[in-house]
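I opened my notebook to go through this structure one piece at a time. Come along and look things up with me.

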Amino acid sequence: MKTNKLFPQVEGFLHGGDYNPEQWLDRPDILKKDIEYMKEAGINTVTMGVFSWSVHEPVEGQISFDWLAEIMDELYENGIYTVLATPTGARPAWLDEKYPSAMRCDEMGVRNHHGVRHNHCMQSPEYREKVRIMDSALAERFAGHPGLLMWHISNELGGYCYCDTCRKKFQQWLADRYDHDIEKLNKAWWTTFWSHKFNSFDQIDPPYKNGENCVLGLNLDWKRFSTWSATDFMKFEIDTLRGAGATEPTTTNFMEMFYDYDYHYMKDFIDVISWDNYPELHNNWQTDADQLLERSFNHALFRSMKKDKPFMMMESAPGLVNWRPFNKYRRPGMHELISMQAVATGSDTVQYFQIRKSRGSSEQWHGAVIDHIGTNDTRVFKEVAKLGADLKTISEVAGALSDNKVAILFDWDNRWAIDDAWALAKDTKNFDKTCMSIYNEFMSLGVEPDIISSDMDWSDYKIICAPMLYVLHDGVGEKIADFVRNGGQFMSTYFTGYVNKDLLANLGGFPGDGLSQVFGLRSEEIDTLYPEDKNSISIIDKAGKPSYSAPVSDYQELLRDVTAEVLARYDGDYVAGKPAITRNSYGEGFAYYVACRTNQNDIEFLYREMLEHAGIAYTKLPVGVEKHTRFAEDAKYDFYLNGNTEDVTVKDVAGVELLTGENVSGTLVLKGYGVAVVKR
Amino acid sequence: MKTNKLFPQVEGFLHGGDYNPEQWLDRPDILKKDIEYMKEAGINTVTMGVFSWSVHEPVEGQISFDWLAEIMDELYENGIYTVLATPTGARPAWLDEKYPSAMRCDEMGVRNHHGVRHNHCMQSPEYREKVRIMDSALAERFAGHPGLLMWHISNELGGYCYCDTCRKKFQQWLADRYDHDIEKLNKAWWTTFWSHKFNSFDQIDPPYKNGENCVLGLNLDWKRFSTWSATDFMKFEIDTLRGAGATEPTTTNFMEMFYDYDYHYMKDFIDVISWDNYPELHNNWQTDADQLLERSFNHALFRSMKKDKPFMMMESAPGLVNWRPFNKYRRPGMHELISMQAVATGSDTVQYFQIRKSRGSSEQWHGAVIDHIGTNDTRVFKEVAKLGADLKTISEVAGALSDNKVAILFDWDNRWAIDDAWALAKDTKNFDKTCMSIYNEFMSLGVEPDIISSDMDWSDYKIICAPMLYVLHDGVGEKIADFVRNGGQFMSTYFTGYVNKDLLANLGGFPGDGLSQVFGLRSEEIDTLYPEDKNSISIIDKAGKPSYSAPVSDYQELLRDVTAEVLARYDGDYVAGKPAITRNSYGEGFAYYVACRTNQNDIEFLYREMLEHAGIAYTKLPVGVEKHTRFAEDAKYDFYLNGNTEDVTVKDVAGVELLTGENVSGTLVLKGYGVAVVKR
Amino acid sequence: MKTNKLFPQVEGFLHGGDYNPEQWLDRPDILKKDIEYMKEAGINTVTMGVFSWSVHEPVEGQISFDWLAEIMDELYENGIYTVLATPTGARPAWLDEKYPSAMRCDEMGVRNHHGVRHNHCMQSPEYREKVRIMDSALAERFAGHPGLLMWHISNELGGYCYCDTCRKKFQQWLADRYDHDIEKLNKAWWTTFWSHKFNSFDQIDPPYKNGENCVLGLNLDWKRFSTWSATDFMKFEIDTLRGAGATEPTTTNFMEMFYDYDYHYMKDFIDVISWDNYPELHNNWQTDADQLLERSFNHALFRSMKKDKPFMMMESAPGLVNWRPFNKYRRPGMHELISMQAVATGSDTVQYFQIRKSRGSSEQWHGAVIDHIGTNDTRVFKEVAKLGADLKTISEVAGALSDNKVAILFDWDNRWAIDDAWALAKDTKNFDKTCMSIYNEFMSLGVEPDIISSDMDWSDYKIICAPMLYVLHDGVGEKIADFVRNGGQFMSTYFTGYVNKDLLANLGGFPGDGLSQVFGLRSEEIDTLYPEDKNSISIIDKAGKPSYSAPVSDYQELLRDVTAEVLARYDGDYVAGKPAITRNSYGEGFAYYVACRTNQNDIEFLYREMLEHAGIAYTKLPVGVEKHTRFAEDAKYDFYLNGNTEDVTVKDVAGVELLTGENVSGTLVLKGYGVAVVKR
């Protein structure tokens, strides 16, 4: 497979992270020490300028980047590259003082006061003008700098603004979406219900907390608009940089399964995907291995956004974070494991927040490579330096890509719509967890899925799972039918195909949009269970007899008109004896329907069957072990990650383990939290 | 007993519910199918127009009811009557846009934005003018229509408004209440405390969340005012309809033990009582039978408001609702049981929200007779149709009334005052539950109580229980004394007679207003227990010896000056040996005082004794079974409802069971969730 | 030791409390009865005028105190003295109506409506002017009245105001604090982080909830400013009284470990310390004895503020309060015990809220000496009267002082900073509880600590414990070094010396400011544990072997560079084998460092060792028993308090027990809830 290096000028992987020297300009001794330590730790990149506006432009119009240029030069001379951020993540006090429209309004429409970070109106013309001036100046000064790797647009874009400017933009956006025909909108939102009809687009408000928040189409379109608005702001920054001569690639740092915006929309407007990875390790509700699987799912989500190049883990915490309910240190070895997991899943970078701890303010206790003690012999520093060395050892892997044949559908608007639906139970909808449980089941079989949207290209995949695909985008019913007809394995669950993209119920039975034919059934009722309620299903063996029983929780559908083959039936409750899992032969493929919530490992037979149908090899891995593969032109790199504290043995492994240089043939022993990179 | 049919033009019971054809005006095929299905399900009434304002008057001043008239005619031709609503439950967008005063202000005095439902200021002159025009037009068009059964005023009136108009109305209302003498108010509210005195009525604000919310008299009068305000709005609508020629009866749909307004005040201004019944069935904290008893209590509450005619169950959910924390389907048979319970307790209607599901917006997953699948063979449809048939079978019962000799006092302002009192414990006051526990105890003995206010006529009753009658309205002390003196059995509990109607403490010991004499005791302390605290009482047998012990929870009073006979004494804690339950012979009757919280079934002897004193027959029913009786001129109808999933046998039943037509003599077997209607 | 009586004109102790006769001016019979009952209960003081503004000045400018003068005279003639309050705890309605600036703004900057109590802007010029007029008039009328004991400034000062006046005052206060140099502030607050730099002081807002609330230095300075602002208001009232001729001492009633203000700052501006003591007795999470210890800690905190004179328990509840989640009566005997505890710890008063219950409003169910029943034979009245008699019996103790050699450091800004720090765990920081656990451990050994600030004089002490001294004020590092160098025993814990007074991290390792030398170690990591995490330490005996093991919870530091002697080592987790408790010999004294959270009684050996080093005698007391000592010129008074319901025996007691007059030699038997005052 063809490899694709993000930054040819850098040998191997990027290792580094956020660096804020502007906090220490009066301490040249510290700045000097920082470079010395970075080199010692194998750090070859820093991210600068993320929150530097008030240093760049301490007084309106007085812009100077000399401090930054000097440091960039110095770093470059020491072999350290720079990712340069636009400073729009936070604004100086003078800006909000003079241009109050730059500050957001809250969900009652009340303007915030100046402060904190994510607090700017993305549509404020006054704010945009100041951004334009700043970003142009930055690009004019630094574009083409030999130490400059890329542009980092703003920081962790997030949140909604309910100001009047945004309200009007929303109205325009709606008018465009509904062809300037208010009746189209009224129909899509079903506004006749509760007398919610609008006469014109300019009557429509955002879903204020103390206003119209029960029209579900409005709520959903507001989230779509807010995604558009943030993207529009991001594009404005990119265009500004480009207009001022910047040619380096762009990114913005995404966040873990971030709820506010549809990243599948945003992803197309930047060059490289990057995200900030903050695991909650050694916690009190799951094993480390389960926490690692959540990370793994996120890596897959971001990797799948641009499959033709590696992604970047733009931030992660050396040691610990400081903003969790419990802030616990990574135990020895975990830093290597969690960092290598990023590389294993397709990242070409291990980047940190932060190189040196801030002496004051709210993140002064957030982990960093260099601590307040100021030495290079702390446990954390030494683990970072070890990783730096290991990354060099495996530098040939950089640029290698993934190549998966299984995908899970994860649509942002489906997620929003499920959560906002007045249906099921308030606290057990758990769409995200359901997607992750399917991911985990494949991973336990040594098969790594991609996480994609229903609108992306499915042609690489042989198996697609679409749990709780409540919202069907236009054409997706037919797309699924085609996929199965052409030999694909497609698995759905309860709560699938209930509504169209406007959230209007599909008439005639679920799943709608033609899917009843594909699955060979219709769903009549979706029943919600209390945690105390007990029901189960019996899996039917090939002889047509019940073989074993698996518990049902949360949701159970009552199916009807079932022409598909029945693989499991309900044991009890009022649905006793009714079909619970079905398989429909459709064209060249199979469509599976799981009508109730079960543990995925209780129905592992389904996964094995799909993999066998698809001709994908699998092996059950030891509990707590992950396997990921990256493909280069002439080599494959299998990463084995042990999330257990105990040693484990993996069978049937052959190749050269790059970190030790040893040949493995047959059995691979992984120490607790151990990592192996086996080249085939 | 004389029967009284609500709608002589309808044979038997009303069966039907909310219908919103305006959502489907572009789908005549669906509207046609609806009528077909309704007839199939035995539906003879629909409620229309509840949220139709934006269809009635899409643009200000352009009112047209043609769509509605056509459908009403069509329905009538098919034997389906209409309950016609005024559309004031929600306002069109244009109305709020032009008349912002129509929108409510929240409890900080901030005006809401347009949206949702219950969001109108009931005192806004601009809004009232639009309502006047709309309601007049409605009445002019539809009054006298042969298919029109009644007028349904607005929808589920609720909530408070803190706008300036309401603030001024409140001041006027207070001035009227306190004879335009601010010193009377100051005294009633005891404003010298914390320097809260007012110089004039126009200084008084509503109890803003960020203002004066610690003057308990103010808080209580605000709730009384808000009841008045909602009633005033309701009367304005009724008067408008009447002024425009409407002669049909009126109702407004009340809600389950609704907290916001004193329905005992509102009830006098409408013709028929109706309410919306949404049980939380098959839940995880109680048995179905216990949930049914809560329904039963509510039915009794609403039935007792107008004892001379049946009430209406205006809304209920076919299948399930969609706005609970858990939205679970009614299990097979429950639809019949819960619907028949309404009839058993005195309703002449079984009405639903809704006939057909809305395709979009927040209630698209609320149960309906006709589902999105659009067929007449769903489980829910079939259960509705079966009920429709059964209602026809027992149609002779329609118009029959109840005739109970036991009553429980349930005053809204007592309830509010208890909850607002800075006393006892924050979370265990449980006035409602206490009333219900007494109701349940009588029900277990086959005796059905009414639920009335302290101000209503007591002359029908032989036993009255007044748990936690903290607030004594003027004259109620003497009314109780008279009741007992004339031979009544009266039971009170701890926390009785502490304050007068203004919430001023009764001086000289509790219960005040002369009741110490009636009960033969004074209470010195009311002590609050933590859930972990243990105490008990010993019941004293006729020989004066302790016979058995019953646990005490939450509250225990320390009595003194006890001249009454002691029926139980405390076992432990600092009140050990002191009287806990007493009986005072007073005139011809007996006054019982239960000084601590116990389980009612632990003191069943009290109930048996009262019933025996009163000459009321009783039989202990099987657990989970309810019995209700309706009386016609020449027949009695005993309804037996089995809340268990198992079959039960009831003894000593004789008569004709109407649903099966079989004679019962001796033993009645009820299937799980079964219903029997035995005519005597 | 020299005694110091607060009020020489009163014989013995003050006994009395808040009295609100203005609520009963139309009931002279009740006022007359009150005096009769007060005398019967041994009451010799009342607090009046606390909420009397609307009676003093019912209409603006019409001030009359005649009602009060008459009652003061009458009381004085009956031997009852008056504590006279300025009425600024609540404002009349007319005042807010005319001067809205008197009302506070909330944390979003929104002005409150009129109402409740603590709702005035302490910086409003209009409000101050009305206060000036009122307080001047009060002093002119009552200063020098023979019945007047002291001036009670306002009531339970508390809360923050976010109005524009306060915003500007805050800016001025900051300018003064930072020498009118904005760069000093920027550096102190580390504002370069997140681009938070300010150009001038007038850009700075309060930490609005919807504004800048992440700059920790700003948050802390805002609390310091709010302390200053309340103190400034209090001083304004005192100055006004003094200016109008008042010469009597002043106080303001503090509250239990009150969070809003730094009482160590406020204490210097009043003459006498008083506080309001509302225990939560007989609760469901601790023993009575443990609740008593919390009271004891608070008494110690307030006593230590002015060690040269007794303090006052200004309020406490006869019977019960009415504003807790559970409002339970004090069991028989508890009133005496809890009241005597105040005297034992150094109070010369037992005062109540309230003499007579208010007939209405929010505190009508708060305990009082005289209840609504209006008799003098209630349980509560009789317990109050017994205490009154007992206080007379021990009146010789009045004026005696404490003399302790152990102190615990409790800095308000350390407490605030710990809670606001983004570090450790959200819910387990528990600074207060940690201080109390150390207090309790000394108390169990019969040694009573003082509770002081790091800035107070330490010269009386031989042992100082400074748990979690996260913030080091300027000079405190050196002060600790001096203390130890000169022979003191000093104990610190994890999370010590991390930041300076501006919250900037101390560079070079913790504890900073030179303390690494004093303790002989540096801390590299502070790790946070989940409640489920298990670790322990092993205590090392004198032979250098592990002797026993003690569990670790919440926090564990990883120490390095340890030159101190190791007293305990970690057993497990990644810190296994590392030092956990150390002792460093430094100059003439010892510095102890406890690097993890343990139960104090698990490390009692440390306390015994410190006490032995310091030459302080100790005896282990029976569980649940407290011992306190007050010292007179020629006598010592040992108070023994039994928090158990069972009798206990204390050994090695000798002297005269004052309440019984009996000689004790050897063994003292205390009944359940019993009290003994043994004179030596």
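**Entry 1: where chains A and C meet**

I started with the contact between two chains, and found 58 residues of chain A touching 56 residues of chain C. I kept in mind that this is a predicted model.

Next I looked up how much area gets buried. Chain A and chain C bury about 4900 Å² between them, and 55% of that is on carbon and sulfur atoms. I then asked which three residues of chain A supply more of its buried area than any other three. They are Phe326(A), Arg359(A) and Trp365(A), which supply 16% of the area that chain A buries against chain C.

**Entry 2: how the copies are related**

I reminded myself that two copies of a chain are related by a rotation about an axis and a shift along it. Here a rotation of 120° with 0.0 Å of shift superposes chain A on chain C, with an RMSD of 0.1 Å. I noted that this is the relation of a three-fold axis. In chain A, the C-alpha nearest the axis belongs to Val110(A), 6.3 Å from it.

**Entry 3: two helices in chain B**

I turned to helix H10 (residues 288-303) and helix H11 (residues 334-345) of chain B, whose axes lie 9 Å apart at an angle of about 30°. Angles under 35 degrees count as roughly parallel, so H10(B) is roughly parallel to H11(B). The crossing is right-handed.

Then I checked who meets whom. The H10(B) side includes Leu292(B) and His299(B), while the H11(B) side includes Leu337(B) and Gln341(B). I sorted the residues of this contact into 5 nonpolar, 4 polar and 3 charged.

Technical notes
Residues numbered from 1 in each chain as written. Chains lettered and ligands numbered in written order. Predicted model: local features only at pLDDT ≥ 70, side-chain atom pairs only at ≥ 80, totals over all residues. Heavy atoms only, no water. Axes fitted to C-alpha atoms, helices over the stretch in contact; angles between N-to-C directions. Helix = DSSP H or I, 4+ residues; strand = E, 2+ residues; numbered from the N terminus. Parallel < 35°, antiparallel > 145°, perpendicular 65-115°, else oblique. Left-handed = near helix turned anticlockwise from the far one by under 90°. Contact = heavy atoms within 4.5 Å. Nonpolar A, V, L, I, M, F, W, Y, C, P; charged D, E, K, R; others polar. Least-squares fit on C-alpha atoms with pLDDT ≥ 70 in both. Buried area = accessible area lost by both parts, 1.4 Å probe.
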